[in-house]
Amino acid sequence: MEIQINGGDTAAKVDFAKSLFEKEFTIDSVFAKDENLDVIGVTKGGGYEGVTARWGVTRLPRKTHRGLRKVACIGSWHPARVSSTVPRAGQNGYHHRCELNKKVYRIGKAGDGASCQTEADLTAKSITPMGGFPHYGEINEDWIMLKGAVVGVKKRPLILRKSLMNHSSRKHLEDIDLKFIDTSSKMGHGRFQTKEEKAKFLGPLASKTNQ
């Protein structure tokens with residue numbers, strides 16, 4: 001996390017920051033529900049790619065000489081150099097990016113078995129879906145739910161910071177009241193929200209009764 005320290009002179013700020021070294025502090029002591037955050041991270045890597053995949057350039061006709069996934073003309077004779085605005089092949093992805101104004105929908109505590117319970121859905125359940133999150137597993141620590149997606153692959157570290165903007169629009173200032181949080185399996189077509197719900201629907205399984 002990236003946290004700005006306010007109040008007092010510079011020496012007081014430094015002393016306060018030093019007092020927090022090697023100490024644990026929870027995410028709800030820094031961020032709050034319905035707040036807007038900035039998320040900084042590195043995007044998914046795509047390697048070295050051509051202009052069609054990298055810039056969305058239209059393919060040339062089928063009979064084009066020496067390939068068709070190209071830019072037909074990369075510029076005029078003069079100026080005698082290629083402009084920076086012309087699509088070229090190169091590295092795609094694995095870029096440093098900063099996304100602004102991600103609204104905090106919910107903050108959960110570690111070990112809270114009813115952290116995803118809402119007024120419309122009274123089922124006591126935690127954030128971990130059936131079978132765990134793909135390529136991640138179970139959530140055993142404090143967690144934060146943001147609107148939309150964040151950059152990068154699973155398990156890649158992110159930097160969360162306070163928003164640098166003064167918000168005035170309705171979508172940035174509105175209070176979010178979640179009606180339902182889906183905890184069905186993310187591997188396939190999940191039908192059940194919890195293990196208890198699945199066992200109640202399926203009844204005693206043959207593999208269990210024969211033992």
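In the predicted model, phenylalanine 192 is buried, with a relative accessible area of 11%. This value falls under the 20% limit that defines a buried residue. Phenylalanine 201, in contrast, has a relative accessible area of 54% and is exposed, the threshold for that class being over 50%. The ring centres of phenylalanine 192 and phenylalanine 201 lie 5.5 Å apart and the ring planes meet at 50°, so the pair is classed as tilted. The angle is assigned to this class because planes under 30 degrees apart would count as stacked and those over 60 as edge-to-face. The pair thus brings together a buried phenylalanine 192 and an exposed phenylalanine 201.

Strand β1 comprises residues 36-42 and is mostly covered, with six of its seven residues buried. Two strands are paired with β1. Strand β4, spanning residues 96-108, is connected to β1 by six bridges, and the two run antiparallel. Within this pairing, isoleucine 40 is positioned opposite cysteine 98 of β4. Strand β6, formed by residues 159-162, is likewise antiparallel to β1 and is joined to it by four bridges. Here valine 39 has leucine 160 of β6 as its bridge partner.

The largest pocket has a volume of about 1300 Å³. Its lining consists of 31 residues, and those closest to the centre are Tyr136, Ile139, Ile144, Val150 and Leu158. Strand β5, residues 143-146, makes the greatest contribution to this lining, with four residues. By class, the lining of the largest pocket contains 19 nonpolar, four polar and eight charged residues.

The second largest pocket has a volume of about 400 Å³. A total of 15 residues line this pocket, and Glu2, Ile3, Gln4, Ile5 and Val30 are those nearest its centre. Helix α1 (10-19) and strand β6 each provide at least two residues of the lining.

Key. Residues numbered from 1 in each chain as written. Predicted model: local features only at pLDDT ≥ 70, side-chain atom pairs only at ≥ 80, totals over all residues. Heavy atoms only, no water. Buried < 20%, exposed > 50% of the residue type's maximum accessible area, 1.4 Å probe, protein only. Pairing = 2+ DSSP bridges. 1 Å grid on protein atoms, 1.4 Å probe; cavity = no way out; pocket = protein on both sides within 12 Å on 5 of 7 lines; lining within 4 Å. Points joined across faces, edges and corners; volume = space filled by probe spheres on them. Nonpolar A, V, L, I, M, F, W, Y, C, P; charged D, E, K, R; others polar. Phe/Tyr/Trp six-rings, centres within 6.5 Å; stacked < 30°, edge-to-face > 60°.
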